[in-house]
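Colleague: I have a model open and would like to learn how to read it. Could we go through it feature by feature?

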Amino acid sequence: MELIGQGVFEAVRLLLAGDREVWSVTWLSLRISATATLLALACGIPLGTALALSRFTGRGFLISLVNTGMGLPPVVVGLFVTIVLWRSGVLGFLELLYTPTAMILAQLVIAAPIVIGLTLAAMQQIPDKFRLQLLALGASRRQMVWTLLKEARLPMLAAVMAGFGAVISEVGASLMVGGNIKGSTRVLTTATVLETSKGNFDVAIALSLILLVLMFLVNWALTWIQQRRAG
Amino acid sequence: MLARLLLVALCSVWLTAPAQAQSTNVILSTTTSTQDSGLLDVLVPMFEKKTGMSVKTVSVGTGQALALAARGEADVALVHAPSLERKYVDEGKMQNRRLVMYNDFIIIGPEDDPAKIKGMPRAVDALKRIAETQSRFVSRGDKSGTHLLELGLWKQAGIEPKGTWYIESGQGMGQTLGVANERRAYTIADRGTWLAFQKRINLPILVEKDKPLLNIYSVMEVNPASGPRVNVAGGKAFADFMVSPETQAAIRAFGVDKFGQALFVPIAGKTDADLQ
């Protein structure tokens, strides 16, 4: 318990002292994971919507794949993205391995199925009658989809929170594709692993607390938007 | 709204993309001990300042570090497993192996020392005694340089370690020390990591200063034939830097302020035979 107290003290000290490394690591975590989440939304919302509104053979199978993907193990994603980005890999010529871009890519792969799955669920909870009514009122297909998306926007904020929460807290993929390079690809989770292995438990606890506070603040903001619109 | 978010996302991707030409990036494949001890935090900035190149340090177990380098996924390797290193050099995957520095391994264990190995001069005999008495022993089990050295000692002792007393942690040195401390077990550690963990663990040194316990680090360049896009000049520049007098002096001084003793002894220019 004394150790946790020390960690809290260390966290406050590092933040107040304006420790440049801690701030840059925190900022990088936020930047990488926010970018990955936004990209996941950009491709996940259209795909989830398409999956919710279309009917075709193999749709059930595809949805099962998406649902499995919602729990994709980050180390598995990390391993495959690493192999693809290796100099000898398919995308090796891009020289992306051990860069923040590689981390965004891996996190995108982790977050996209979550966004697709939750968008699908959000769209499906809108009664089918509503959709038919829109069409009966003469809405074009585009107008219909747009109205449904607006209707589903509150549950879809849950997709944003779940996607962001998954990628900012994962460590396996970030460690593998980012390499935990100081000043370049070191984020809160990978720095925590490193400080633990160095035996600097107080710093590790401090970094963990900063991560938790960061996650709380982001979720707080999103919940505020969600509840304000709901109310 | 969505369009604006997308724009922001794309801009940030663009901003994070590497701006430098590839020839200024050197990928260093190395072991966890060089990173965990903090040595690279001193040496890498020195190198970057001197050459204007930027180093990407990938620190993993020695086995993985060498395997990555041998595939051409790195440009230079700084590792500590002489027998494995020589194998890669013989196979032509790595080249120009040069000794950089050494420190030593120690056998540590619980204070009550159930196997009674304290003060034994030979590490091999100590391991034999641990196996005979079935005293708990924690192995790294991760193909790191430390693990390979441990396996070498068991082989010399003619013992195949197996059984409930032999615990494989599969983790780095720090975590392995933690496991040994909790389980009241023996283990082999490099002196640097053990010193760094002094506050957290209670595992005194029982056997030390035996020749086979020397922990020798070498630097090797990746043979450009090992894979596409190897930065040959960058790898060579880093290897040359590691054995330069200036760097060797920095290695000699490293750790004195924090631990009251140097963590590594520089040995550039020496050969394996000099250390026997």
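Colleague: What is the mean pLDDT of chain B?

Modeller: pLDDT is the predictor's confidence in each residue, from 0 to 100. Chain B has a mean of 89, with 92% of its residues at 70 or more. Residues 13-21 of chain B fall below 50. Beyond near neighbours in sequence, that stretch has eleven contacts in the model, a contact being two C-beta atoms, placed from the backbone, within 7 Å. Where pLDDT is low, the predicted coordinates should not be read in detail. For the model, ipTM is 0.73 and pTM is 0.82.

Colleague: How many helices and strands does chain A have?

Modeller: Helices (H or I, at least four residues) and strands (E, at least two) are DSSP runs, numbered from the N terminus. Chain A has eleven helices and zero strands. Its C-alpha trace spans about 65 × 50 × 25 Å along the principal axes. Of the contacts in chain A with a separation of 6 or more, 77% join residues 24 or more positions apart.

Colleague: How many residues of helix H10 of chain A are buried?

Modeller: A residue is buried if 20 or more other C-beta atoms, placed from the backbone, lie within 10 Å of its own, exposed if 12 or fewer, and partly exposed in between. Of the 231 residues of chain A, 42% count as buried. H10(A), residues 188-198, is mostly covered, with nine of its eleven residues buried. Among them are A:Leu188, A:Ala191, A:Leu194 and A:Glu195. Just after H10(A), A:Gly199 has a positive phi of about 90 degrees.

Colleague: Which way do the residues of strand E3 of chain B point?

Modeller: In a regular strand the side chains alternate between the two faces of the sheet. In E3(B), residues 76-79, B:Val76 and B:Leu78 point one way and B:Ala77 and B:Val79 the other, and all are buried.

Colleague: Which strands are joined to E3(B) by bridges?

Modeller: Two strands pair if DSSP finds at least two bridges between them. E1(B), residues 25-30, runs parallel to E3(B) with three bridges, and B:Leu28 stands opposite B:Val76. E9(B), residues 214-222, runs antiparallel to E3(B) with four bridges, and there B:Ser218 stands opposite B:Val79.

Terms used
Residues numbered from 1 in each chain as written. Chains lettered and ligands numbered in written order. Predicted model: local features only at pLDDT ≥ 70, side-chain atom pairs only at ≥ 80, totals over all residues.
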